[in-house]
Amino acid sequence: MNAPWKAKQILDMQGERSRFAHVVKHFYSKKERWQQVTLHHGDPRSLAKKAGCINRELRHYDLVTPDCREHVLGDHDQAYAPAYREALSQAEHEDRVGKEEDERNQSKHAWIFVGDNGVSVIVREVRRPHGKPKRPEVKSAYRVWPRKSQGQTPEDFFKAAVRKLRDKTSYEGDV
Amino acid sequence: MNPDEWLDKAMEELNSLAATMQDDPADAWRALTLAARLLSSPNPKHHPSETITQQFPRLLEVAGPPDPEEVLDVIADELNSVTDAWGPLLDGLIDADDALGVLRISDQEDVARRLSERVAGLVSLYPERTLSLGSFADMRLKTVRDDSVVASIWRTIERAPAQMLADALPVQAQELAAEIATAPSELPWLNAAYSRLQRSFAAFVDAASDMEAPAEPMGVSLDFSATLGRPSIAPLELAWRKIRSEIAPKSMDNVQVPSTRHLRSVTSSSPTSTWALDPPLPNHMAELCFKRTLEVAIVMLPEDAKTSELR
C-alpha cells in the first residue's frame, strides 16, 4: 500500500515536549534495544545521566535541568530522528506501509511504516489552525520487542514489527 | 479493515508457518496466536484444520507459556503514557488478546478469564487513551463469539466514548449512569441516533486531535473547543421524540422518570445555550450526555417496550 506522501515530505516529530517524551520512553528503553539501530556508543540512558538527567525526573520535561533537556533533545536530533527517518525511507522503498482504517471517519488515519531496522513509525496528518493546509508528521517511533523467550537479534525485532503491522492494518506483505 | 479478510490473512500466514513453527519459538508462538484467533471465530469456515490443532502440544512446548503479568505491566504503562494509541498501546492490547487465546488453547480457562477481567478493568479507567482504537475494536468484535474471553476487552474499548461521557456527567447523572447494564439496544431508531452521535463525536475528536495542541488526553484540554463547529442536534431531537412517545405512556407507573427530566432539559435548551449545570458543558458534551441518558432510559424501559419496531 502506498502512503499518500513521499517519505521526504513527512515532517519530523514536532514540539520539544513530544520529542523529549518519545526519546525518554522509547529511545532510552532497554527493551527496545535502539543500540541495534543507531551508532550510539554506550547505553543512551547512562549517557543521559552523565549529562545531568536524574532517573525519577526523566519523565517530566519541566522537572529536568536545562543540561539534561538539551542532552535529550540532542539525542532526538542526532540519533532518534535519523533512525526513524531511515525507517521511513526503507519502508517506502519496500512498500511496507499500513493504514489504520475507520469506515466511520475517513478523514483521520494513522499510517504505520516499518523499516528494515525494525523501527515502526506512526505518521498522521495534522491540521493547522486558521485554515493552513494539513501536513504529515511523525507522531511516534518505536521498536516492537520480541517476547522474552524468543531471540533478541535485529532480525527478531524486524519480524515482531512486521507481524504487528499485519495485525493492525490491512498490510499483507510477508515477514 | 474487513473482519473476514483479517481472518483470511491469519489463515494464510498460519499455513506459511508450517515448515518452521515446530522449531522456532517466535514462529511457534505466532502459529498458536493465529490459530487461537481462527478458533474464536463464530464461523467454522475459519477454524484451522486438525493437522494444525494436533500440533498444539508441541507448539506450546517450543513457544513457552504466556506471561500475564508482563502483558498487564505493558498495558498499564502505555495507558499512562501520551504516545499515539496505535503504537505500543494497541500492540500491548493485541498481545493480551494473543495471550488469552493461547491460555484457552492450553486449557487455562480460569487464568484467561482473570486476565481478561484485569485488562478490561485497566482499560476502563482510561477511556480517553483508547478512544481512537474504536475502529479496531469494532473489527475484532466481529471476528469473535460474544462469549469469547477476548470480547470483554474490545467491548470496553468500543464503549470508551460512553465511558468518557459517564465520567464527565454531573454527580446526579452519574448515579443514574451507574445503574446502566450492558443491555444491547434492540431499538433500530436508537441505533440510528447513536450512529449519528458517534459520527458527530468522531468528527469532533478528529478535528480536536488534529489541531496543534498540547498532547493531553481528550476531556482534559478543551480550550480549543470553542473554535470548532457544533454538531447538529437534529438526530437528538428525533431520538427524544421517539423516547417521549414510547417511555411516557408505558413506564410512568413502573419506572422512575428522572432520566426523562434530563432529556427534556437538554432538548429544550437552545443550541446556543449550554447544559444547565455547574460547571456548564460544551455543546458536544451535552450531546454525549444525551446519548448516555438515552441508554439509561432504554434500560429503564419495560421489557416489552424494548422490542418495539421503528414507527
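This is a predicted model: local features need pLDDT of at least 70, side-chain atom pairs count only at pLDDT 80 or more; totals for chains, interfaces and linings use all residues.
Residues are numbered from 1 along each chain as its sequence is written, chains are lettered from A and ligands numbered from 1 in the order in which they are written, and side-chain values use heavy atoms, with hydrogens and water left out.

Strands here are DSSP E runs of at least two residues, helices are H or I runs of at least four, and both are numbered from the N terminus. Two strands pair if DSSP finds at least two bridges between them. So what joins β2(A) to strand β1, residues 97-99 of chain A? Three bridges, with the strands running antiparallel. On to strand β3, residues 119-126 of chain A: five bridges join it to β2(A), again antiparallel. One of the partners to look up is A:Arg124 in β3(A), bridged to A:Ala110. β2(A) and β3(A) make a hairpin with four residues between them, and A:Gly118 in the turn has a positive phi of about 75°.

In β2(A), residues 110-114, five of the five residues are buried, so the strand is largely enclosed by the rest of the structure. In a regular strand the side chains alternate between the two faces of the sheet. Here A:Ala110, A:Ile112 and A:Val114 point one way, A:Trp111 and A:Phe113 the other.

Next, rings. Phe, Tyr and Trp (its six-membered ring) pair if their centres lie within 6.5 Å; planes under 30 degrees apart are stacked, over 60 edge-to-face, the rest tilted. That rule gives ten aromatic pairs over all chains. Take A:Phe20 and A:Tyr61: edge-to-face, 5.5 Å centre to centre, 90° between the planes. A:Phe20 sits in helix α1 (16-27) and A:Tyr61 in the loop between α2 (44-50) and α3 (66-94), so the pair ties together parts of chain A that are 41 residues apart in sequence. Both residues are buried.

Last, charges over rings: NZ of Lys or CZ of Arg within 6 Å of the ring centre and within 35 degrees of the ring normal. A:Arg69 lies over the face of A:Tyr61, at 4.7 Å from the ring centre.

How values were computed
Buried means under 20% relative accessible area, exposed over 50%, partly exposed in between (1.4 Å probe, protein chains only).
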